[in-house]
Amino acid sequence: MEKLRYAGFGKTIVFTDMHTWHSEKIAKTYNQKYLVEDDFKLLNDVLFVPVGPINNHKDFNIRAHIFLCIIGMVFYRYLARKCKFLGLSLRRLVEELGGIRLALVHGKTGGKVELVVEKMDVRQARLFSFLDLGKFMGKYVNRLLTD
């Protein structure tokens, strides 16, 4: 009796209505449910993807806020997939990017304002280079000066 019980360990019964899928695809999809669970954990993390508290009282504004939070989560997932060769967790990746310090510097010649990287370690420099973040710096300064 005990051998029969141990033979059932590690097995899961999956009920599905996806009759056109092969068993392998159903099992693979089920085994990737942790991705969805991780995304809900991200949505519950106030500092990472801040969903609540919502200071909006109209239904449309609440839906728009939640939509933007989910878009942010999708962006995080895309960023993690793009940078997966670095071996960083999603949380660590965001911390590394958040640690890159930028400063607006007023030049002595001509009074031109520039955005410069103030501080970056080696890992952050690899991320900065790989994601080609430097190309956004000039556009960001122009937007700051015109607003």
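Predicted model: local features only at pLDDT ≥ 70, side-chain atom pairs only at ≥ 80, totals over all residues.
**Stop 1: Leu-35**

Select Leu-35. Leu-35 sits in helix H3, which covers residues 33–44.

In sequence, Leu-35 and Arg-77 are 42 residues apart. In space, their C-alpha atoms are 9.8 Å apart.

**Stop 2: The whole protein**

How many helices and strands does the protein have? There are 7 helices and 2 strands. Trace them along the sequence, and the pattern reads α-α-α-α-α-β-β-α-α.

Next, show the surface. The protein's accessible surface comes to about 12200 Å². Carbon and sulfur atoms account for 59% of that surface. Of the 147 residues in the protein, 18% are buried.

Contacts are worth a look too. Take those between residues at least 6 apart in sequence: 43% of them join residues at least 24 apart.

**Stop 3: A nonpolar patch**

Keep the surface on. Select Phe-67, Leu-68 and Ile-71. These residues form a nonpolar patch on the surface.

Zoom in on Phe-67. Its helix is H4, residues 59–82. Is Phe-67 buried or exposed? Phe-67 is exposed, because its relative accessible area is 52% and the cut-off for exposed is over 50%.

**Stop 4: Lys-25 and Trp-21**

Hide the surface and show side chains. Select Trp-21 and Lys-25. Lys-25 lies over the face of Trp-21. The distance to the ring centre is 4.5 Å.

**Stop 5: The aromatic pair**

The structure holds 1 aromatic pair. To see it, select Phe-85 and Phe-130. Their ring centres are 4.8 Å apart, with 65 degrees between the planes. The arrangement is edge-to-face.

Check how open each one is. Phe-85 is partly exposed, at 47% relative accessible area. Phe-130 is also partly exposed, at 35%.

**Stop 6**

Side chains of opposite charge can pair when their charged atoms come close. A search of the whole structure finds 4 salt bridges. Start with Arg-92 and Glu-95.

Arg-92 and Glu-95 form a salt bridge, with their closest N and O atoms 3.2 Å apart. Both residues lie in helix H5. They are 3 residues apart, about one turn of the helix. Arg-92 is partly exposed, with a relative accessible area of 36%. Glu-95 is partly exposed as well, at 44%.

Arg-92 and Glu-96 are separated by about one helical turn, because they are 4 residues apart in helix H5.

**Stop 7**

Is Glu-96 buried or exposed? Glu-96 counts as buried, because its relative accessibility is 3% and the cut-off for buried is under 20%.

Which residues does Glu-96 touch, not counting those up to four places away in sequence? Select Leu-88, Asp-121, Arg-123, Gln-124 and Leu-127 to see them.

**Stop 8: From H5 to H6**

From that group, keep Arg-123 and Glu-96. Their side chains meet in a salt bridge, at 3.7 Å from N to O. Arg-123 lies in helix H6 and Glu-96 in helix H5, so this pair ties together parts that are 27 residues apart in sequence. Arg-123 is partly exposed, at 39% relative accessibility.

Turn the view and follow the links. Arg-92 pairs with Glu-95. Glu-96 pairs with Arg-123.

Notes
Residues numbered from 1 in each chain as written. Heavy atoms only, no water. Patch = residues over 30% accessible without salt bridge, like charges linked within 9 Å, V, L, I, M, F, W, Y side chains within 5 Å. Areas by Shrake-Rupley, 256 points an atom, 1.4 Å probe, with all protein chains shown as cover. Buried < 20%, exposed > 50% of the residue type's maximum accessible area, 1.4 Å probe, protein only. Contact = heavy atoms within 4.5 Å. Phe/Tyr/Trp six-rings, centres within 6.5 Å; stacked < 30°, edge-to-face > 60°. Lys NZ or Arg CZ within 6 Å of the ring centre and 35° of its normal.
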